[in-house]
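I opened this one to see how the chain packs. My notes follow in the order I looked things up.

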Amino acid sequence: MAAEGPEPIAAPIHPTVEALIRHRLGEALGGLRGSLEAAMPMLAFVIVWSATRERNLAIGAAAVLTVAFAVVRLVQRQTLQYVLGGVIATALAAFFALRSGNAEDAFLPGILTSLAYLIGSLVSVLVRWPVVGLMVGVADQAAVAAGDPFRWRRNAAAVRVCSRLTLVLVAVYVIRVGIMGPLYLAGNVAGLTISKVVLGWPLWVG
């Protein structure tokens with residue numbers, strides 16, 4: 001019997017540095033599903049409260065969605081971190097909106113957060129510590145286990161790709177603030193609600 005040749009080496013799942021970084025970035029941020037889990041309870045609160053002005057009903061609607069998301073995650077034995085992110089976002093939105101009595105104020109924390117991320121992400125590129133690289137380092141379990149979550153910085157190609165992807169984040173935040181800021185100032189709750197959904201998914205396309 002002829003000797004068997006070496007087993008073929010499987011093609012890499014992520015053939016390029018950029019593909020690998022995009023994958024790990026998606027893991028760190030939760031992808032489209034994590035984005036929806038973080039945003040939908042807050043939007044449920046805003047929509048119900050705007051329509052009824054019943055605080056308890058609005059909070060109840062957000063709570064039902066949160067519990068539903070949490071149950072699905074538990075059944076699938078997955079992390080609850082994105083669901084908990086939704087709880088925090090909803091609590092902040094409810095605090096701002098109920099304190100002022102204006103539904104559009106529920107979106108103010110998100111707008112201010114996007115503005116802060118915009119500035120921070122841009123600065124991180126300028127100092128050559130792109131924020132996407134930091135997120136990738138945290139998501140790289142092997143590097144974290146080895147006590148070297150910043151090993152990506154020793155790879156010039158990885159730093160360039162992380163810088164480029166961080167600039168994509170900057171562009172996303174510019175668009176978010178540029179669209180939602182004027183809508184907030186105009187008190188356009190419907191426009192803010194639609195924008196919150198539409199502008200929440202560009203990172204996961206492509």
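I started at threonine 193, which sits in helix H9. This is a predicted model, so I read everything below as computed from it.

Is threonine 193 buried or exposed? Its relative accessible area comes out at 14%, and the cut-off for buried is under 20%, so threonine 193 counts as buried. I then listed its contacts, skipping neighbours within four places in sequence: Leu43, Val46, Ile47 and Phe107.

Leaving out residues up to four places away in sequence, valine 46 touches Ala106, Phe107, Val189 and Thr193.

As background, nonpolar side chains in soluble globular proteins tend to be buried together.

**Salt bridge search**

How many salt bridges does the whole structure hold? My search returned 1. It joins the side chains of glutamate 37 and arginine 73, at 2.9 Å from N to O. Glutamate 37 belongs to helix H2 and arginine 73 to helix H3, and the pair links distant parts of the chain, 36 residues apart. I checked the accessibility of both partners: glutamate 37 and arginine 73 are buried.

**Along H8**

I moved on to helix H8, which covers residues 156-185 and has 30 residues. From first C-alpha to last, H8 reaches 43 Å, close to the 44 Å expected at 1.5 Å a residue. At the start of H8, a side-chain oxygen of asparagine 155 comes to within 2.9 Å of the backbone nitrogen of alanine 157. Just after H8, I noted glycine 187 with a positive phi of about 70°.

Alanine 171 also lies in H8. With a relative accessible area of 38%, alanine 171 is partly exposed. I took one C-alpha to C-alpha distance from there: alanine 171 and leucine 122 are 9.7 Å apart in space and 49 residues apart in sequence.

I flagged two arginines here. Arginine 77 has a positive phi of about 55° although it is not a glycine. Where is arginine 77? I found it in the loop between H3 and H4. Its relative accessibility is 79%, so arginine 77 counts as exposed.

Arginine 128 has phi near 65°, again a positive value in a residue other than glycine. This arginine 128 sits in the loop between H5 and helix H6 (131-139). At a relative accessible area of 48%, arginine 128 is partly exposed.

**Whole-chain tallies**

I left the totals for last. The chain has 9 helices and 0 strands. Of its 206 residues, 35% count as buried. Among contacts between residues at least 6 apart in sequence, 68% join residues at least 24 apart. The chain exposes about 12000 Å², and carbon and sulfur atoms supply 68% of that area.

Technical notes. Residues are numbered from 1 along each chain as its sequence is written. This is a predicted model: local features need pLDDT of at least 70, side-chain atom pairs count only at pLDDT 80 or more; totals for chains, interfaces and linings use all residues. Side-chain values use heavy atoms; hydrogens and water are left out. Helices (H or I, at least four residues) and strands (E, at least two) are DSSP runs, numbered from the N terminus. The expected span of a helix is 1.5 Å times one less than its number of residues. A polar contact is a pair of N or O atoms within 3.5 Å; within protein, one must be able to donate a hydrogen and the other to accept it, and residues adjacent in sequence count only if both atoms are side-chain atoms. Contact means heavy atoms within 4.5 Å. A salt bridge is a side-chain nitrogen of Lys or Arg within 4 Å of a carboxyl oxygen of Asp or Glu. Buried means under 20% relative accessible area, exposed over 50%, partly exposed in between (1.4 Å probe, protein chains only). Accessible areas come from the Shrake-Rupley method with a 1.4 Å probe; for residues, only the protein chains shown count as cover.
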